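These are my notes from a first reading of a structure that was new to me. I wrote down each thing I looked up, in the order in which I looked.

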Amino acid sequence: MSKRICPVCGIGALEKILTSITLSDPSGIEKTIEISEYKCPACEAEGDLFGENDRVIQDEYKKMRAEAVASMLEKFHSKKISLSAAERVLELPQRTLSKWKNKSMVPSASAALLIRYVNLFPWLLDVADNKFNPKNAQQIHVTAAMRDLCEMTKGSDVTSLSAGIVENLNNAVFYVNMEKGITQRSIMDTVTSASTGLMVHSGACEYSYET
Amino acid sequence: MLKQPYHDFDAFLKACKVRARSRVVVLRKAQDDARNDFGLKTSGEILRFIANGGLEQLEFINSKLWENNPDPSRPVIVDGYEFVSRMKRGYVALMFNKVTGYWTIKSFHISDNANLPFVDAFKKAGFISGGDNE
């Protein structure tokens, strides 16, 4: 038993306990690690009460990050993204991505974030390749969004798709309505009929897409 | 239940800013929730987030007695706040023990009330009414 007194209640003598925690990365990688924590028998406070595990946890996240980046870069080939082209576009020194891919170099948190974004939205490379020109970026973005929207409706029983903005004096809500049948239609009807008095110019910015 | 926070929040912020020999304790549940809900991986990250003004649009919710207090003759009060961070609405509960001089972060999670920009937008627009937290 430790001689430390519980900082939460000031009464119990803290007990050191071994516990396991599961850490997860947005890529789906999970790791369970064992850490030592404190438990107060008097007030039942439990945890890493003095921040002693911070370093261990950070190190584990670092390893997971390296694994996640390597795994994402592995998939770049199937997405027809050339590493050298991506390095050029992102102004990274050549071979940087290869080094991250074979884990000979650990990417920083911000570098990992960049790869996550590019993995999720590969069209960001086109934005960068257009020197972040706002107009081009917008076109690339909207084109990619429309392509994704079309993909989303394929293979589902969506019969028609519409998007628009409903607004009142203070707020606006952008909506996408995927019509599957009576249920979906009735939801939209409810929203629009309940709010007719609040809507202004709703017709002016509606878009339709027939599948 | 108090209508004003019992503790001085600025004093709590000051305590979060002190990096060495911190006088702020984060309980296990709060730590786990902060990690899962807000991506704050360690207690150090939680404290730095708070110290750097991460708890935006802070709103006092209520004060309650700490239920697990082993010495009821010395009541300890827990203050609960809601805050906003980007699209998330969170809830943080903290208390200060005058005996130990330590602050404790008891809860740090997505607010039960939370959500979502769409719900908020619909509420503001008067399309739906709604269900605030207790």
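Among the contacts in chain A with a separation of 6 or more, what percentage is accounted for by residues 24 or more positions apart? I found that such residues make up 54% of those contacts, and I note here that the model I am reading is a predicted one.

**Chain A, overview.** I looked up the secondary structure of chain A and found 7 helices and 6 strands, which follow one another from the N terminus as β-β-β-α-α-α-α-α-α-β-β-α-β. Chain A has 211 residues, and 16% of them count as buried.

**Chain A, the sheet.** I then turned to an open sheet of 3 strands in chain A, in which the order is β1-β2-β3 and the pairing is antiparallel. β1 (15-24) and β3 (46-47) of chain A each have a single partner strand, so they stand at the edges and one side of each is left without a neighbour in the sheet. Between strand β2 (residues 30-39) of chain A and β3(A) I noted 2 bridges in the antiparallel sense, and I saw that Lys39(A) stands opposite Glu46(A) in β3(A).

**Chain B, helix α3.** Which residues of helix α3 (residues 43-51) of chain B are buried? I listed Ser43(B), Glu45(B), Ile46(B), Leu47(B) and Ile50(B). These buried residues pack against α1 (54-76) of chain A, and also against α1 (9-17), β1 (24-26), α2 (28-38) and β5 (102-110) of chain B. After α3(B) comes Gly53(B), which has a positive phi near 80°.

Arg95(A), which is not a glycine, has a positive phi near 80° and is found in the loop between α2 (83-89) and α3 (96-101) of chain A; with 14 C-beta neighbours inside 10 Å, Arg95(A) counts as partly exposed. Gln57(B), also not a glycine, has a positive phi of about 50°, but Gln57(B) is found in strand β2 (residues 56-65) of chain B and is exposed, with 10 other C-beta atoms within 10 Å.

**Ser111(B).** Is Ser111(B), in the end, buried or exposed? I found 20 other C-beta atoms within 10 Å of Ser111(B), and therefore it is buried, although Ser111(B) is found in the loop between β5 and α4 (117-124) of chain B. My last entry is that Ser111(B) and Glu82(B), 29 residues apart in sequence, are 6.9 Å apart in space from C-alpha to C-alpha.

Technical notes
Residues are numbered from 1 along each chain as its sequence is written. Chains are lettered from A and ligands numbered from 1 in the order in which they are written. This is a predicted model: local features need pLDDT of at least 70, side-chain atom pairs count only at pLDDT 80 or more; totals for chains, interfaces and linings use all residues. Helices (H or I, at least four residues) and strands (E, at least two) are DSSP runs, numbered from the N terminus. A residue is buried if 20 or more other C-beta atoms lie within 10 Å of its own, exposed if 12 or fewer, and partly exposed in between; C-beta atoms are placed from the backbone. Two residues are in contact if their C-beta atoms, placed from the backbone, lie within 7 Å. Two strands pair if DSSP finds at least two bridges between them.
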